[in-house]
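Look at the structure below and follow the side chains, beginning with the aromatic rings and moving on to the charged groups and the core.

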Amino acid sequence: MSATTRSRTPDRLCAEAVDLARAAAEEAAAPGVVGEHAGLVSEGDRVVTHFFECKELGYRGWRWAVTVARASRAKIVTLDETVLLPGPDALLAPEWVPWSERLRPGDMGPGDLLPTDAEDLRLEAGFSGEDEPAPNSPISEEMAELVEAEDVEVTAGTPASLPAVPTRGSIASVAEELGMRRARVLSRYGLHVAADRWEESHGPKTAMAQAAPATCVSCGFLNPIGGSLGQAFGVCANEFSPADGRVVSLSYGCGGHSEAAVMPSPPRPAPPVIDETRVDPFPLRPSPDSGSVPLAPDESAEFGHS
């Protein structure tokens, strides 16, 4: 009903139909769940909603809302609807968050599929197979003529449309040989994000690295990786290390360093030796020949009687 026709004053008969509203609420709810009458509000001409407290566990602050109505010039109040609504101080569920924002590392299990957004900033376009080759490349027009003369075909199209095993001599086979047969590769942003994440978990600022005897760059268990990330990271291959099978910074370290047992310990000063059998004399008065007190004749005072 529009706001212009809604009456602010509750209808008297509808406002007095508390028992009717309570009976409707108790019929819809479980026994003992409907509490005290918590007020009413006018929804329009001859339409009133009664509120009752909800005592059901887990619904703190919720209210049973029962709407009753009366026809024009009628004396009988009828039931409209019964619903459970949250009150001003109701305990509500947190705001819904899309799965892409709720996902955390380690949430993916066997059989789960994680689609990657087409505009993911961590990725950029890789080999597409549709770019114009350089004039001196092995797949240029001149080379294509030689390939045709040798009865080998040049396959066009994106890697997704190519067979699992590219035909020998095709663009896809050359790209696969060079490790470039991927539709998308890591962008600079994706590389920096991965590097920051690995540096935070297994980097020089961790407590393990601070207490390590040496860094991973000199450890025999470090397995180097290729690409630009190989300049700062590697894979740990020590089964007793806490970072076994993980990407670690070259500045990381742990107690499982391959040379930890043969590393020379830092030199320590010898403990002081105290001779407890010797007694050092400490004179109470300075020696006359020490020079600290001038020599003077012994003058004795003469005492007598007058």
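Trp-62 is buried, because its relative accessible area is 17% and the cut-off for buried is under 20%. The model in which this is seen is a predicted one. Tyr-59 has a relative accessibility of 32%, so it counts as partly exposed. The rings of Tyr-59 and Trp-62 form a pair: their centres are 5.4 Å apart and their planes stand at 85°, so the arrangement is edge-to-face. A pair of aromatic rings is described in just this way, by the distance of the centres and the angle of the planes.

How many aromatic pairs are there? The count comes to two. The other example to look at is formed by Trp-198 and Phe-233, which are also edge-to-face, with 5.5 Å from centre to centre and 80° between the planes. Trp-198 belongs to helix H6 (residues 188-201) and Phe-233 to strand E8 (residues 233-236), so this pair ties together parts that are 35 residues apart in sequence. Phe-233 is buried, with a relative accessible area of 3%, whereas Trp-198, at 22%, counts as partly exposed.

The charged end of Arg-63 sits over the ring of Phe-51, 4.0 Å from the ring's centre.

Next come the salt bridges, of which there are two. In one of them, the side chains of Asp-11 and Arg-70 meet at 2.7 Å, N to O. Asp-11 lies in the segment before helix H1 (12-15) and Arg-70 lies in strand E3, so the bridge ties together parts that are 59 residues apart in sequence. Are these two residues buried or exposed? Both Asp-11 and Arg-70 are buried. The side chains of Glu-16 and Arg-12 also meet in a salt bridge, at 3.5 Å, N to O. Glu-16 and Arg-12 are both exposed.

Leaving aside neighbours within four places in sequence, Val-66 is in contact with residues including Ala-21, Ala-24, Ala-25, Val-48, Phe-52 and Leu-79.

Methods:
Residues numbered from 1 in each chain as written. Predicted model: local features only at pLDDT ≥ 70, side-chain atom pairs only at ≥ 80, totals over all residues. Heavy atoms only, no water. Contact = heavy atoms within 4.5 Å. Phe/Tyr/Trp six-rings, centres within 6.5 Å; stacked < 30°, edge-to-face > 60°. Buried < 20%, exposed > 50% of the residue type's maximum accessible area, 1.4 Å probe, protein only. Helix = DSSP H or I, 4+ residues; strand = E, 2+ residues; numbered from the N terminus. Lys NZ or Arg CZ within 6 Å of the ring centre and 35° of its normal. Salt bridge = Lys/Arg side-chain N within 4 Å of Asp/Glu carboxyl O.
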